[in-house]
Amino acid sequence: MKLTSKKYLMISCTSAILLLLIVAAFNYIIDPYNLLGNNRMGVFFWNERQIKTAILTYDHEAVLMGSSKTGYMDTDGLNCYKFYNASLRGGVPEEMYFYLKAYLRDEKLVIIAFDFYMFNEREFPLKHISDWEDIQYSTVEYLLGAYTTEASYKTIKKWLNNEQMHAMDPNGHFIHPDELSGHDDNAPHQAEKDRRRYNRIIKGLVENHYGNFAFSEKRMLYAEQIKTLLENKKIPYAALINPLNEDVLAALEKTDAYERFMQWRKQMKTVFPDLYDFSSSRYSAREGFHRNDPYHYTNQTGIRFLNEVIGDFCAEKPSP
């Protein structure tokens with residue numbers, strides 16, 4: 001039977017609609033990020049840009065804002081205040097600004113942790129947003145999105161393989177993969193594996209985060225806007241630069257970006273005169289970072305330098 005163009009169009013449209021309905025039903029049932037509350041297999045993927053609206057329901061007094069470096073920190077170990085960890089993996093200043101603008105209320109302290117990589121527009125293109133809602137999924141986007149569908153498929157595979165879930169604690173803390181591995185750190189083969197990964201990450205940082213660095217002056221403006229926002233809200237705040245591993249610092253010194261890095265530190269001090277610059281400090285020691293990850297410091301290291309900052313704001317100093 002010969003199809004007319006009208007019938008062909010109807011069949012094509014019907015098929016497309018059926019396919020979209022199947023995809024939507026698949027994602028609705030699996031609900032990989034548990035945004036709809038339907039997830040029954042376990043959450044193996046977290047999209048913090050969608051779920052850190054939990055700040056509105058988590059009883060807190062202070063906020064920690066930064067990248068994955070602070071995101072992997074359990075803020076329950078911090079002194080004086082009850083913190084919500086609002087950090088975003090791969091977070092950049094414009095996201096941080098719009099998040100804080102959307103969700104800050106009357107916190108007693110906000111700590112913002114900056115990293116040099118955030119200002120590389122080549123590796124991290126500027127996000128053209130005008131409100132935090134621009135980053136949030138609508139229900140339709142969530143149910144029909146390619147990323148959601150991929151996460152749903154992978155959720156089934158991980159559930160069938162009984163793999164470890166990567167959960168987010170109520171306080172916003174993500175557990176570092178190294179803490180979930182369960183491997184024997186003293187095994188010779190594991191030490192060699194860790195060493196190779198450690199060196200591979202440094203190589204990747206040089207090639208990607210610091211290579212062909214395209215410094216973003218626009219992001220410096222967002223840093224200033226964060227400062228203005230907090231001052232207008234009369235919320236006490238501290239701005240800091242995260243510690244860099246001594247091996248990462250040594251690698252950075254050999255790149256063309258190093259001079260710009262030093263200039264950036266001065267610029268940050270101009271924007272935030274009371275800046276805590278831990279980039280090259282006693283917290284840069286190799287042993288203060290994960291043994292297979294020179295990019296992320298351990299929870300213990302983070303707790304130490306953040307409590308140092310908090311001590312300058314806390315009315316009731318903790319007992320030694």
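User: In which helix does lysine 101 lie?

Analyst: In this predicted model, lysine 101 belongs to helix α4, which covers residues 93-103.

User: Why does lysine 101 count as partly exposed?

Analyst: The relative accessibility of lysine 101 is 45%. A residue is buried under 20% and exposed over 50%, and partly exposed in between. The value of 45% falls between these limits, so lysine 101 is classed as partly exposed.

User: How far apart are lysine 101 and isoleucine 226 in sequence and in space?

Analyst: In sequence, 125 residues separate lysine 101 from isoleucine 226. In space, their C-alpha atoms are 8.4 Å apart.

User: Why is asparagine 27 called buried?

Analyst: Asparagine 27, a residue of helix α1, has a relative accessible area of 0%. The limit for a buried residue is under 20%.

User: What makes the pair asparagine 27 and threonine 149 a polar contact?

Analyst: The side chains of asparagine 27 and threonine 149 are joined at 3.0 Å. The cut-off for the N or O atoms of such a pair is within 3.5 Å, with one atom able to donate a hydrogen and the other to accept it. The distance of 3.0 Å meets this cut-off, and the pair therefore counts as a polar contact. Beyond four places in sequence, asparagine 27 also touches other residues, including Pro32, Tyr142 and Ser152.

User: Is asparagine 242 buried or exposed, and how do you know?

Analyst: Asparagine 242 has a relative accessible area of 1%, which is under 20%, so this residue is buried. Asparagine 242 is located in the loop between β4 (237-241) and α10 (246-253).

User: Which side chains form a polar contact with that of asparagine 242?

Analyst: One is the side chain of aspartate 115, at 3.2 Å. Another is the side chain of tyrosine 297, at 2.7 Å. Both distances lie within 3.5 Å, so each pair qualifies. Leaving aside neighbours within four places in sequence, the residues in contact with asparagine 242 include Lys69, Phe114 and Phe305.

User: Why does tyrosine 28 count as partly exposed?

Analyst: Tyrosine 28, found in helix α1 (residues 5-30), has 44% relative accessibility.

User: Which residues form a nonpolar patch on the surface with Tyr28?

Analyst: Ile29, Leu35 and Leu36 form the patch with Tyr28, and together the four have about 360 Å² of accessible area.

User: Which residues touch the most other members of the largest nonpolar core?

Analyst: They are Phe114 and Trp264, in a core of 60 residues. Elements that each supply at least two residues of this core include β1 (62-65), β3 (109-114), α8 (188-209) and α11 (258-271). Apart from it lies another core, of 22 residues, with Leu64 and Phe289 among them. As for tryptophan 264, the residues it touches beyond four places in sequence include Phe114, Phe215 and Ile241.

User: What share of the 320 residues in the protein is buried?

Analyst: Buried residues account for 49% of the 320. The accessible surface of the protein is about 16,700 Å², and 54% of that belongs to carbon and sulfur atoms.

User: How many helices and strands are there in the protein?

Analyst: The protein has 12 helices and 7 strands. Its C-alpha trace spans about 80 × 55 × 40 Å along the principal axes.

Note on methods: Residues numbered from 1 in each chain as written. Predicted model: local features only at pLDDT ≥ 70, side-chain atom pairs only at ≥ 80, totals over all residues. Heavy atoms only, no water. Patch = residues over 30% accessible without salt bridge, like charges linked within 9 Å, V, L, I, M, F, W, Y side chains within 5 Å. Areas by Shrake-Rupley, 256 points an atom, 1.4 Å probe, with all protein chains shown as cover. Salt bridge = Lys/Arg side-chain N within 4 Å of Asp/Glu carboxyl O. Helix = DSSP H or I, 4+ residues; strand = E, 2+ residues; numbered from the N terminus. Buried < 20%, exposed > 50% of the residue type's maximum accessible area, 1.4 Å probe, protein only. Contact = heavy atoms within 4.5 Å. Core = buried A, V, L, I, M, F, W, Y, C linked by side-chain atoms within 4.5 Å.
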